[in-house]
Amino acid sequence: SHLVSSRPGLIRDHKYHLRHHRHCCSGKELVDWLLSAGLSIQTRGQAIGVCQVLVDGAVLTHVKQEWHFQDKDAQFYRFAEGELSLEPGTWDTEELLEALAFLAQLGPDALLTMALRKPPAQRTEDELELIFEELLHIKAVAHLSHSVKRELASVLLFESHPKAGTVLFSQGDKGTSWYIIWKGSVNVVTHGKGLVTTLHEGDDFGQLALVNDAPRAATIILREDNCHFLRVDKRDFNRILKDVEANTMRLREHGKVVLVLEKNLQGSGCSNQSPSAGSSRLENGGGSTSPQPKVRSTVNWIASLEDATLNNSCAIGAQDKVPYDVYRADHSCLTVVLPVNASVRDVLQSLAHREGGHGERMLVKVNSAGDKAGLQMDTISVYTSLGLNERLFVVNVQELHTLTPHPEQLGPTVGSSETLDLISSKDLASQLTDYDWNLFSSVHQVELIYYTFGQQTFPSATTANLERVMRRFNELQYWIATELCLCAEPGKRAQLLRKFIKLAAHLKEQKNLNSFFAVMFGLSNTSVSRLSKTWERLPHKTRKLHSALERMLDPSWNHRVYRLAIAKLTPPIIPFMPLLLKDMTFIHEGNRTLAENLINFEKMRMMAKAVRIIHHSQSHTYGPISPLRSRPPQLLEDPQALRISTCSEQSLSGRSPAPTQAYLQHLKVIDNQKELSRLSRDLES
């Protein structure tokens, strides 16, 4: 109905090649309308994806019943009966935007399936790139180089089977293809042993028979309905395998492969792609014929990189001084200004110099639940490692047992729903993104290395900017739970819940994925998810939008949904930082840095790939989409005070102190899960 009312001449009769097509529009006209209607569809690719979803759902059909949507003047489509109405629409603009946002999320998968269904010779360059990007996230081909993945993208065939129990091939059959499970699962069965194993999405099978030119060693039976496979036939498999071997050189020592070199067919200049990076090289040492690693001072090299690029006025340098708020047992506060990497000993000495000697004192971290943790004298960077609502206390041994949290640590007792009522969800997302971008852009990529290897390896470095972003992530998710649990009136609470769901959708649209995940995690907090009566008050479309957004949170296959989505985005982006740190930790702890006195270059490559995500996300000059970016910046009176701040509560935007901005930069939250659960039970027992 919105389509008919906004473009009454779009759906009409067409004549093409002496054929009449009634009540339809061309594919190009439909895409043009989606782009010009102001419905948050920004690119032709997005619009084509939405149309393909409609075709797959039989809402839109080709006049000749073709299954893939084409953005062309000579391809005509009509809507199914009942989908178009001449009566005024019952949906408001916001509901229409939510529906299109949902369709746009399904679009990339629909386009990928369409590309895979095409014969390889008919695939466009864009479709080949789309398939290649999908292969980057499939476990079965993770060990293959990018050049091999591009070769596979040009020969992959799509195969689907609707019924569980279908036998894909039997033991003893001739091997003709290699299979990758794209959707579903299969059982592997052999004569005599029965069920051997079950393979799932991302696994592959059938390769052995092609490599050895032998019969199938097992029978493959579909375990569930609607299984989808990516298939490579034998001829293409053997050709690609031979090409890989022809362009690979292996250096052996005492019968073992110690170095693998792969020819870079796509590069210019040097034809061999060395596995070594700027800080490492392989040489013959001391007359020995064995390659020995000689590593330049990594610490100095990384530090020089950081000094060369640390130009964000909000960034905290390793030598910057920050205010340390330290509380006494009576909750009075002392503030000392020390370097960001100051140790516990430095803090205590500064306090003793200010107050005079008071016997043996100790520094203790106390959280909002009252849990205490004494800090060792040599512990450094104490302040940046403080958790949300944690505070530093200086006490003697006698005072330790009577120590209680400061009242501010307990969080607010009254919600701010009245303030939030005055702000639309889109404006809220824009201002959050504007502030978050300032935090994220101050993070230097080498901070991920410092964070992963630890301060023992890099004692003079700081991860203060990275810690600040992580603190903000935790703050946002607890803010969501706090506001909902402090809203006593059921109707207002349902409205607030709806606003937060829309906020998540807008954050995702603005490519602020870190805050998107924080908001969604806040909505998933048990104190919120158990409020069944509140969730029941939500409109059906809002619950449907929330379900669609939850797909991005799916952790299966190493967060495949999120990784596919972010691979398709162009910078600027604020990525999901906790997952990036998890990736770095797993790479570091799961792989040895040295193997038989040789540098594990594969580990270095994996870490470099993860670190480059920060560089790629920050590579655009401006922040993510936000109306505030069009406003001229105004400098604070004391920019140095801004630069040395280590709390996310400190304003980094440097713009006019509007009430909304001030509110978002000084969020008050309850981070005690027991207290949130108690409040939730009081609302709905």
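Angles under 35 degrees count as roughly parallel, over 145 as roughly antiparallel, 65 to 115 as roughly perpendicular and the rest as oblique. Welcome to a predicted model, where local features need pLDDT of at least 70, side-chain atom pairs count only at pLDDT 80 or more, and totals for chains, interfaces and linings use all residues. Residues are numbered from 1 along each chain as its sequence is written, and side-chain values use heavy atoms, with hydrogens and water left out.

**Helices α14 and α15**
- Helix α14 (residues 446-453) packs on helix α15 (residues 464-485) at about 85°, with axes 9 Å apart (lines fitted to C-alpha atoms over the stretch in contact, with angles from 0 to 180 degrees between N-to-C directions).
- α14 and α15 are therefore roughly perpendicular to each other.
- In contact (heavy atoms within 4.5 Å) are Glu447, Leu448 and Tyr451 of α14 with Ala464, Asn465, Leu466 and Glu467 of α15.

**Helices α16 and α20**
- The axes of α16 and α20 come within 10 Å and cross at roughly 45°, and the two helices are therefore oblique to each other.
- From α16, Arg498, Ile501, Ala504, Ala505 and Lys508 make the contact, and from α20, Thr542, Leu545, His546 and Leu549.

**The largest nonpolar core**
- This core has 50 residues, with Trp479, Phe500, Leu503, Phe516 and Leu523 having the most contacts inside it (a core joins buried Ala, Val, Leu, Ile, Met, Phe, Trp, Tyr and Cys residues through side-chain atoms within 4.5 Å; buried means under 20% relative accessible area, with a 1.4 Å probe and protein chains only).
- α16 gives the most to this core, with eight residues.

Key. Helix = DSSP H or I, 4+ residues; strand = E, 2+ residues; numbered from the N terminus.
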